[in-house]
Amino acid sequence: MTRELLRARLNQKRCLSERAQCFHLEFEVEDAHEFAFTPGQFVSAVAEDAHGKQQMRAYSIASAPSGNRFALCLNRVDDGFFSNRLADMREGEALLFQEPLGFFTLRQPLTDSILIATGTGVAPMRGFVQWLFPEAGPDRSEGWQIWLVYGTRHETELYYREEFEAVAARHVNFHYLPTLSRAAEDWTGLRGYVQENAVRIVKERGTRASGPELDIHAYVCGLSPMIHAVRERLKDLGWNRKQIITERYD
Ligand SMILES: Cc1cc2nc3c(=O)[nH]c(=O)nc-3n(C[C@H](O)[C@H](O)[C@H](O)COP(=O)(O)OP(=O)(O)OC[C@H]3O[C@@H](n4cnc5c(N)ncnc54)[C@H](O)[C@@H]3O)c2cc1C
């Protein structure tokens, strides 16, 4: 069955990193007041290639629901069809896509949660954080501890850094932990890989958690090797499958 195509107009485009060619795109869905989705879901963008063949790629929604607006965060992939098409879009141009889908969403009831991402895997995490800690309206985090462990190579690729820092400054239960694998000497934050820092959080929390030690979830988004590494390390700590919720980009 062919699913209905929606149409959105690009309102604003921002380059998040020249080096990584990463872009933040803000869209408005046409002929709609509301665009309903659950934070963490993805849209399937659709376009014809040069041979008239329909191409479709998934992109996580990088925002929480807000009227008819939504955002994407993507980087160019060498010789990639859709990523370059999106990165080359101009404001005012239209995007065709299928309605949001996906199960990479916050589990209810909420628990302490570690959000773990690398690269553009930060997209659904931005949606979670906006939903949990809205700028306007009530806090939805219910006081649970939320860590965002965000890994990248260089400091210039910490997408949305100011936004996450601002949320962390407003909410004592939100912890923003950028982690660099190729940090410059003057970097004073965390170094290494996200899985090591996630393990450290779990171990430290274990010694002071008031509820059951395993009453915690990890949400992991990015490329397969990172997801595999995180899963293995958490399994070693006794975590079960249901505690680890993943979204693979490859
Ligand atoms: C559920 C889901 C959500 C996603 N959300 C996002 C998102 O929010 N932001 C985002 O940037 N991407 C996201 N992706 C990846 C996205 O769907 C595309 O795979 C990516 O943009 C490359 O598509 P392309 O058409 O440019 O490359 P293609 O033309 O499909 O591939 C060109 C070449 O690049 C390689 N390649 C494909 N994907 C990647 C990749 N991710 N990294 C490196 N090399 C690659 C291919 O093996 C191939 O050799 C998501 C994928 C899934 C499954």
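Me: Which residues of H2 are buried?
Reply: Val-122, Ala-123, Pro-124, Met-125, Arg-126, Gly-127, Phe-128, Val-129, Gln-130 and Leu-132 are the buried residues of H2. A residue is buried if 20 or more other C-beta atoms lie within 10 Å of its own, exposed if 12 or fewer, and partly exposed in between, with C-beta atoms placed from the backbone. This is a predicted model: local features need pLDDT of at least 70, side-chain atom pairs count only at pLDDT 80 or more, and totals for chains, interfaces and linings use all residues. Residues are numbered from 1 along each chain as its sequence is written.

Me: Is helix H2 mostly covered or mostly open?
Reply: Mostly covered. Helices (H or I, at least four residues) and strands (E, at least two) are DSSP runs, numbered from the N terminus.

Me: How many residues are in the largest nonpolar core?
Reply: 60 residues. A nonpolar core is a set of buried Ala, Val, Leu, Ile, Met, Phe, Trp, Tyr and Cys residues joined through C-beta atoms within 7 Å. Leu-72, Cys-73, Leu-115, Ile-116, Leu-148, Val-149 and Val-230 have the most contacts inside this core.

Me: Which element gives the most to this core?
Reply: H2, with six residues. Domain 1 (5-101) and domain 2 (112-248) both supply residues, so the core lies between them. In soluble globular proteins, nonpolar side chains tend to be buried together.

Me: What is Leu-115 in contact with?
Reply: Leave aside neighbours within four places in sequence, and Leu-115 is in contact with Met-125, Phe-128, Ile-146, Trp-147, Leu-148, Val-149 and Tyr-219. Two residues are in contact if their C-beta atoms, placed from the backbone, lie within 7 Å.

Me: Back to the domains. How many Å apart are the C-alpha centres of domain 1 and domain 2?
Reply: Those centres are 24 Å apart. The domain bounds come from an automatic or database domain assignment. Where the two domains meet, 16 residues of domain 1 are in contact with 15 residues of domain 2.

Me: Which elements give two or more residues to the side of domain 1 that touches domain 2?
Reply: Strand E1 (5-17) and E5 do. E5 gives the most, with four residues. By class, that side has 10 nonpolar, five polar and one charged residues. Here Ala, Val, Leu, Ile, Met, Phe, Trp, Tyr, Cys and Pro count as nonpolar, Asp, Glu, Lys and Arg as charged, and the others, Gly among them, as polar.

Me: Now the ligand. Which of the 20 residues around the ligand come nearest?
Reply: Ala-58, Leu-74, Gly-80, Phe-82 and Ser-83. A residue is near a molecule or strand if its C-beta atom, placed from the backbone, lies within 6 Å of it.

Me: And which elements give two or more residues to that shell around the ligand?
Reply: Strand E4 (54-60), strand E5 (69-75) and helix H1 (82-87). The largest share, four residues, comes from E4. The shell divides into 10 nonpolar, six polar and four charged residues. It draws at least three residues from each of domain 1 and domain 2.

Me: New topic. In what order do the six strands of the open sheet run?
Reply: E10-E9-E8-E7-E11-E12, with parallel pairing. Two strands pair if DSSP finds at least two bridges between them. E10 and strand E12 (244-248) stand at the edges with a single partner strand each, so one side of each has no neighbour in the sheet.

Me: How many bridges join E11 and E12?
Reply: Five, in the parallel sense. E11 covers residues 216-222. Gly-222 has Arg-248 in E12 as its bridge partner.

Me: What about Gln-21: what is its phi?
Reply: About 50°, also positive, and Gln-21 is not a glycine. Gln-21 is in the loop between E1 and strand E2 (22-29). Gln-21 counts as partly exposed because it has 16 C-beta neighbours inside 10 Å.

Me: Is the peptide bond from Gln-108 to Pro-109 cis or trans?
Reply: Cis, with omega near -5°. Pro-109 is in the loop between strand E6 (94-101) and strand E7 (112-118).

Me: Last one. Why is Asp-186 called exposed?
Reply: Because Asp-186 has 6 other C-beta atoms within 10 Å. Its loop runs between strand E9 (174-180) and strand E10 (190-191). The C-alpha atoms of Asp-186 and Ala-50 are separated by 47 Å, and these residues are 136 residues apart along the chain.
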